[in-house]
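Good morning, everyone. Please have a look at the structure on the screen, and then I will walk you through it.

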Amino acid sequence: MQFLNPSWLFAAPAILGALVLLYFLKLKRREVTVSSTFLWHRALDELRVNSPLQRLRMNLLLFLQLAALGGLLLALARPLSAVGGLGGVDSILLIDVSASMRAHDAAGKTRFERAILQAERVVDDLSRRDRAIIIAFADDVRVLTDLTSSKALLRQALSSLRPTDRPTRLAPAVHRARTLLSQTTRRPRLLVFSDGRVGALTGVSLEKDVPLEFVAVGEAGANLGIVAVDVTQGAGLGESTRALASVQNTGRDPRTVGLDLSVDGELADSQELTVPPGGVVSASFDVSVFLEPGRARRLRFSLDGSKDPFPVDDEAWAILEQPEPIRVLLVSGGNLFLHSALSEDPRVWKTPLGDVPILAPEDFRPDDPSLRDHDVVVLDRFTPPELPPGNYLCFGARPPFPDVQDLGQAEDCRVLDWDESHPVTRFVNFANLVMPTMRVFKAGERQRVVVRGTHGPVVLDARDAGRRALVCAFDLMSFPVEGAWTFDPSFPIFLANAVRSLAGEGGVRRGGRLVRCGGTATLEVPAGAARALLTPPDGEPRPVSLSKEDDALRVPGLDRAGVYTVRFEDAAGELLEERLFAANLVDPDESRIEPAASIELVGRPPAPATTAAEGAGEELWKIAALLALAFVMVEWWIYNRRVFL
Amino acid sequence: MSDAARQIDQAGTLDEEAGPLLDQAFIAKIGKLDLTTRRLLQGRQKGEKRSKKRGQSVEFADHRQYAPGDDLRFLDWSIYARLDRLMVKLFLEEEDLYVYLLLDASASMDYGRPNKFRYAQRVVAALGVIGLTKMNRVGVGAFSSELNRVFRPERGRRHLRKLLRFLEETPSDGRTDLAAACRRFALEHPRRGLVVLVSDFLDRGGYEEAIRYFVARRMDVFCLHVLSPQELDPPFAGDLKLIDAEDGEETEITVSRPLLAAYRRNLDAYIDGLRTFCHKRGARYLTVSTALPFERLVLDQLRQLRLVR
């Protein structure tokens, strides 16, 4: 027998004692005149009713009242039967292991530790007929045990659990629980040990006959956290590398905090931010570091002086490394402008002689496998009959895409407008682009017009069956000497943007392989790599399997925020290359650590937060209340029917 | 509150039983009755009563068992010789009989349903009517803590109305002091006769001394113990404050079955004690509940006890 609310039992002696005390107090007695009281005196003397013990012993009404009050107190204490019925109970324990569970309370214990304690109590209270299963969830679901009645196994599973830095999504866990519940014939129940920050539950339902108990852990508290990180690496055209971070304040008061940026462990810059209550403030840093090939730099953002109960989001990391050169193949019969501009681009790979590889149009073979080694192929006034999958930059000719048609040539063309959101238009002024002649293309609806001219698309972003082409309707060699756009500063910028966009960098290189916790990092596997070792931020190196079919290494299940290191080795165990990537929480919802008051699933009333899990047994308060009612009725009947002890 | 308890709360008043003490039909019915005594009593003049006074009559009437205090001169020695039993010869003598009717008019009598005092008044009235009708000298004393009112012994039917008015005008009030009242009455009425003491005998000072005054004067004593049904079986429940009707003393009780049982045991013991005391002293005794119809008391019970015939 256990009690969900035993405080009433602790108060029982005082309450019952008060009732007895009332009997000793002078009652407002009904006055009755009798002929003489001396016979009554004799009767009283005989019974010695003046003795309190005797008086109590003989007073059935008092005993009944005590019994009724006792029953009521018992009902309020919510007793549970020792067993959950004849068939037993199947309990599914969903343990939240997300990042917010690492928030600690005033006593220094984390929410996760509190949740484990509560879950252990539930396990301890299981009867022999009951079974339970432990499921951990964050943004994924991990089933740690089978449905078992072995308390040792369940305790072992609970003790093996560790909190992660992942965001929370309860919905997949509930779906998994429903699947498990559909396979059991016993009385089920679902217990969620969490702080209630469980993500969206839209469309998530649970059978109505399955009791849902939300065992809430955690205290309310304000939190300052880094909720966004980004690093933009300059294109090498005068742009510097910028690091950005956003700080969120979930408290009710404005907070001032220092945001530090360290590079390889050394403080590089710091800013003081005042974050309004419930608001987000971003800070940008200019990062001036010299990047060397093969050496990555670790950027670390940290909040100085946040002193909140949730330290996980007080740090964030990013990796800076020198980008790989872009391999460009120029297919042209001779174009000084293109050749010069590409040769001057520091991101473009050059031959040892310092030139961009050039191929004559007549030597172009679509089935040449070496074409795959180039990130971008520039087709100057040349339309091959077919193109293999790849990225192409076309000038004065259309690619052989079915929905890009060449309608002929137009003269005296100007630019009307351009799509400023497209990466190739970044820092480019097309107003000076005056074309004596241009090809008139008709593009399909799926193709994106980047620059629109008086006679149709001037620049077209076309895609077709694994091929992508930036199609320029103008011929660079057709510009007059006087006022040619090729002499305008916009031209090399446009060319650099186009090459980077086609190479997959969008004009700027996304800094340091940023991954969210719980996500999957994808790394290019160097040639000759036979094995890879992954070193988590706070763990030991462990081997990860390399897929022979794919040249990419995927690292899923990033539990911990920080910098991960992947060491690629050849068959002889020699280091080929070491790659870094950073995983961060950066989740505004997860940084809101205010515990929720309830969990609401579709089609059922909200499950209110409770501080302790109910036992698996059935509640007996109704029986206790009925007993109390019965005692009250008997007492009333005796009082009114003159039935005495 | 139960109905019975509610009735007792009102503690019985005479209003509900207002009306003549005796109606004419009942007076006519009891006119044929006569009071009897077991002792030789002395009247002042010849009358209709057959006196048991020795020397005044030679007509033998009956024998009866010898009782302490009987005149040894009337022992029937021949019976003693034959049967070895002491028997007293009773002689008939026509002489007037002194009948003393003592009415308890204390506050404790004004209680119960039917009301004890009213019941006692009617008993005294009936006995008085019988006595006056049969040319006995009938005197009445009403007492509480002392002898409050006295109806001097009179003879003849012409005093009927006066007697009834006397009784009607007698209030019930004050504490009971049986001993003082009886002592006073006995001193004021020295002539022997039949004494009928109608009371609830609820006197903290006891009843023994009072009865002894009359027994010592060789009166023929008849104690009529009047109790109400509510005294015999209290209809109480719950927590009560009992208030004594005479002295206002308050007693708090929580009614329970053991308490009621103890009360009844005490009441039975009290009645038994009184009965035994009377019998030991040659006095007759009868407990009557006011639930018993008054007519049945007079015509049946008192007849069986040979107070009337």
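**A hairpin in chain A**

Let's start with two strands of chain A. β28(A) is joined to strand β29 (residues 542-544) of chain A by 3 bridges, and the two run antiparallel. Please keep in mind that this is a predicted model. What do β28(A) and β29(A) form? They form a hairpin, with 6 residues between them. One pair to find on the screen: A:A532 stands opposite A:V544 in β29(A).

β28(A) also pairs with another strand. Strand β28 (residues 531-535) of chain A is joined to strand β31 (residues 562-569) of chain A by 5 bridges. That pair runs antiparallel. Here A:R531 has A:E569 in β31(A) as its bridge partner.

**Chain A as a whole**

Now zoom out. How many helices and strands does chain A have? Chain A has 11 helices and 34 strands. Chain A has 645 residues, and buried residues make up 39% of them. Next, take contacts in chain A between residues at least 6 apart in sequence. Of those, 72% join residues at least 24 apart.

**Two helices side by side**

Next, a helix pair in chain A. Helix α5 (residues 111-125) of chain A packs against helix α6 (residues 151-160) of chain A. The angle is about 175°, and the axes are 10 Å apart. Angles over 145 degrees count as roughly antiparallel, so α5(A) is roughly antiparallel to α6(A).

Which residues make the contact? From α5(A) come A:I116, A:A119, A:E120 and A:V123. From α6(A) come A:K151, A:L154, A:R155 and A:L158. These residues of the contact of α5(A) with α6(A) divide into 5 nonpolar, no polar and 3 charged. Look at the spacing along each helix. An α-helix has 3.6 residues a turn, so residues three or four places apart point the same way.

**Where the chains meet**

Now both chains. 37 residues of chain B are in contact with 26 residues of chain A. Which elements give two or more residues to the side of chain B that touches chain A? They are α1 (3-9), β10 (239-244), β11 (250-254) and α9 (257-280) of chain B. α9(B) gives the most, with 9 residues. By type, the residues on that side of chain B divide into 19 nonpolar, 7 polar and 11 charged.

Strand β2 (residues 30-34) of chain A and β10(B) pair in the parallel sense, over 5 bridges. A:R30 has B:L240 in β10(B) as its bridge partner. A:V32 stands opposite B:L242 in β10(B).

**A helix in chain B, and what follows**

Stay with chain B. Which residues of α7(B) are buried? They are B:A210, B:I211, B:Y213, B:F214 and B:V215. What covers them includes α6 (178-188), β8 (194-199), β9 and α9 of chain B.

After α7(B) comes B:R218. B:R218 has a positive phi of about 60°, although it is not a glycine. B:R218 lies in the loop between α7 (208-216) and β9 (220-227) of chain B.

**Two more backbone points**

Most residues other than glycine have a negative phi, and most peptide bonds are trans. Here are two cases to find in the model.

A:R381 has a positive phi of about 55°, and it is not a glycine. A:R381 is found in the loop between β18 (376-380) and β19 (390-395) of chain A. A:R381 is partly exposed, with 18 other C-beta atoms within 10 Å.

Last one. The peptide bond from B:R113 to B:P114 is cis, with omega near -5°. Where does B:P114 lie? B:P114 is in the loop between β5 (98-104) and α4 (116-133) of chain B.

Thank you.

How values were computed:
Residues numbered from 1 in each chain as written. Chains lettered and ligands numbered in written order. Predicted model: local features only at pLDDT ≥ 70, side-chain atom pairs only at ≥ 80, totals over all residues. Contact = placed C-beta atoms within 7 Å. Helix = DSSP H or I, 4+ residues; strand = E, 2+ residues; numbered from the N terminus. Nonpolar A, V, L, I, M, F, W, Y, C, P; charged D, E, K, R; others polar. Pairing = 2+ DSSP bridges. Buried ≥ 20, exposed ≤ 12 C-beta atoms within 10 Å, placed from the backbone. Axes fitted to C-alpha atoms, helices over the stretch in contact; angles between N-to-C directions. Parallel < 35°, antiparallel > 145°, perpendicular 65-115°, else oblique.
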